[in-house]
Amino acid sequence: MKIRSKLAWTYIILLVIGIITISTYSILTIRSFLLDEGAEQFERDALSLALAASSFNEDAQFDQKIQRQAELSQYEIAVYDKDGIRFLQFPEEEFEGEAPYVEASLMAELERQDGEPIVINSDSTQKLIAYVDLGQSENAAQYLRISQDKSEYYAAVASIRHIIYAGMFFSIGAVIIVSFLFARYMASPILQLNAAALDIARGNFDRKIDLKRNDEFGTLADSLNHMAETLRADNEELKKLNEKQSQFFADITHEVRNPLHTIAGALEMLEIEKLQPEKKKQYMNTAQKQIKRVARLFEDIKTLQRYDFDESFLNRQNIDLKSLVDEAQNVFQPIAEKKGLELETNNVSSCIVNADPDKIEQVLDNLISNAIKYTPEGRIEVGLEKKEEVVEVYVQDTGPGIGKEHLDRLFDRFYRTDKARSRDKGGTGLGLSVVKGILNAHQSEIKVESEVGQGSRFYFTLPLVD
Ligand code: ADP
């Protein structure tokens with residue numbers, strides 16, 4: 001059974017039970033009210049009839065007078081003598097099958113009542129019966145009995161009952177219609193939400209649920225929309241990651257294939273027996289250079305993988321950046337000089353930051369070695385600039401600069417502005433990605449300003465420790 005029908009039938013059953021209970025209760029209450037009212041009137045009538053009966057003279061018209069009383073009052077009237085024997089009754093047929101006397105016990109009780117009537121609500125005969133002791137009477141009558149069918153009192157209920165039944169059936173009809181409409185109203189968002197959830201489960205994350213309701217269904221719809229949005233974002237992220245990963249492996253394959261080809265070629269040449277010693281040395285050098293390049297490539301990949309999957313790889317401590325810069329200058333000075341370049345540092349006081357010294361050293365190494373690698377002539381400056389609460393670290397060169405079109409992707413893995421030149425210079429295409437990874441882990445960001453033909457300036461900031 002569908003939830004809509006279940007809801008509808010639940011409302012209908014509950015409301016029908018409610019309506020029937022209220023109607024039945026109303027009818028019973030009205031019946032008992034009418035009977036109570038009637039009984040009071042009946043008792044009063046019994047007294048006045050008794051009074052009248054006791055005042056009639058013992059003459060030939062006594063019977064007619066009693067009969068007249070019975071006709072006028074619409075009650076059944078019976079008259080008993082002092083022994084309790086019935087000697088008059090109207091209408092006669094109403095008393096057939098009844099004992100023609102008053103029980104001795106009842107007589108005794110009537111005597112005790114001292115003229116007050118005894119009213120009997122008889123369930124067996126469905127009648128109200130009143131007995132009155134007439135006391136001192138002008139005639140032979142001692143006891144008077146009047147009675148009436150209880151149905152007389154319920155006559156009013158019958159017409160009321162019809163009104164109640166009509167109202168009841170009308171209400172039940174209305175309840176059925178309203179229940180189905182209400183159940184549909186309640187169930188329709190469930191159906192909509194279900195369809196949307198199935199859609200989302202099938203991967204349709206663009207699905208929007210527009211319920212326009214301020215109740216719990218509206219809240220649920222908002223949550224589902226939010227979930228779909230999160231899933232869509234995650235899915236896109238996953239797709240991008242997947243594409244990146246595939247691209248990464250394709251790049252690695254490509255990067256490894258080239259040096260392997262070169263090494264294979266060099267080895268082939270080395271097999272030639274009569275190869276001149278200088279040539280032999282040259283091929284050996286080539287092979288060694290390529291082997292070093294592959295080794296460096298895997299070293300970089302290993303570092304990058306660690307940054308991707310292990311965020312706790314940093315070993316932070318308070319370090320003085322000035323000493324790192326000075327150390328880098330000592331290492332790279334001879335290499336720069338060999339290429340005819342000037343390598344200078346700006347003279348700054350100490351700058352204490354909280355960072356991983358080895359990783360920041362690697363950042364400086366990569367940036368400085370790039371600057372040396374790509375700058376044919378001129379100077380390179382490595383420096384620190386204090387700016388309020390941070391220190392900016394920069395590596396600036398007078399090299400060829402980098403075109404604007406490359407800046408967006410410069411820090412992507414294996415991205416090079418000039419592939420041939422980079423490989424030629426032993427580059428792996430991963431140096432700047434490693435820089436980016438390390439600085440990201442330090443909640444910092446590598447930036448570049450570059451002008452083609454003017455040079456480049458790579459820089460990043462780190463918060464100073466007081
Ligand atoms: P590579 O191993 O090729 O040097 P990097 O990730 O270190 O890889 O650098 C990516 C590319 O950015 C380089 O191939 C080069 O084209 C460009 N590049 C990096 N540093 C400089 C620089 N100082 N001047 C000009 N170009 C640079």
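Visitor: Which residues of helix H3 are buried?

Guide: In this predicted model, Leu-106, Met-107 and Leu-110 are the buried residues of H3, which spans residues 104-113. Buried stands for under 20% relative accessible area.

Visitor: Why do you say that the buried residues of H3 line one face of the helix?

Guide: Look down the axis of H3: the buried residues fall within an arc of 100°, so they line one face. The face turned away from that buried side carries Ala-104, Ser-105, Glu-111 and Arg-112, which are exposed; that word requires over 50% relative accessible area.

Visitor: What covers the buried residues of H3?

Guide: The cover includes strands S3 (118-122), S4 (127-133) and S5 (143-149). Contact here requires heavy atoms within 4.5 Å.

Visitor: What makes S2 and S3 edge strands?

Guide: Happy to show you! Five strands form an open sheet, ordered S2-S1-S5-S4-S3, with antiparallel pairing. S2 (86-90) and S3 each pair on one side only, and that makes them the edges. On average, neighbouring strands of this sheet are turned by 15° against each other, direction ignored.

Visitor: How do you know that S3 and S4 pair?

Guide: Pairing needs at least two bridges between two strands. S3 and S4 have five bridges, in the antiparallel sense, so they count as paired by that rule. As for individual residues, Ile-120 stands opposite Ile-129 in S4.

Visitor: Which strands does helix H1 lie across?

Guide: H1, residues 3-55, lies across S1 (76-80), S3, S4 and S5, and runs at about 150° to S5. Helix H2 (residues 62-73) also packs on the sheet, where it touches S1 and S2. The direction of H2 makes about 40° with that of S2.

Terms used. Residues are numbered from 1 along each chain as its sequence is written. This is a predicted model: local features need pLDDT of at least 70, side-chain atom pairs count only at pLDDT 80 or more; totals for chains, interfaces and linings use all residues. Side-chain values use heavy atoms; hydrogens and water are left out. Buried means under 20% relative accessible area, exposed over 50%, partly exposed in between (1.4 Å probe, protein chains only). Helices (H or I, at least four residues) and strands (E, at least two) are DSSP runs, numbered from the N terminus. The arc is that of the directions from the helix axis to the C-beta atoms. Axes are lines fitted to C-alpha atoms, for helices over the stretch in contact, and angles run from 0 to 180 degrees between N-to-C directions.
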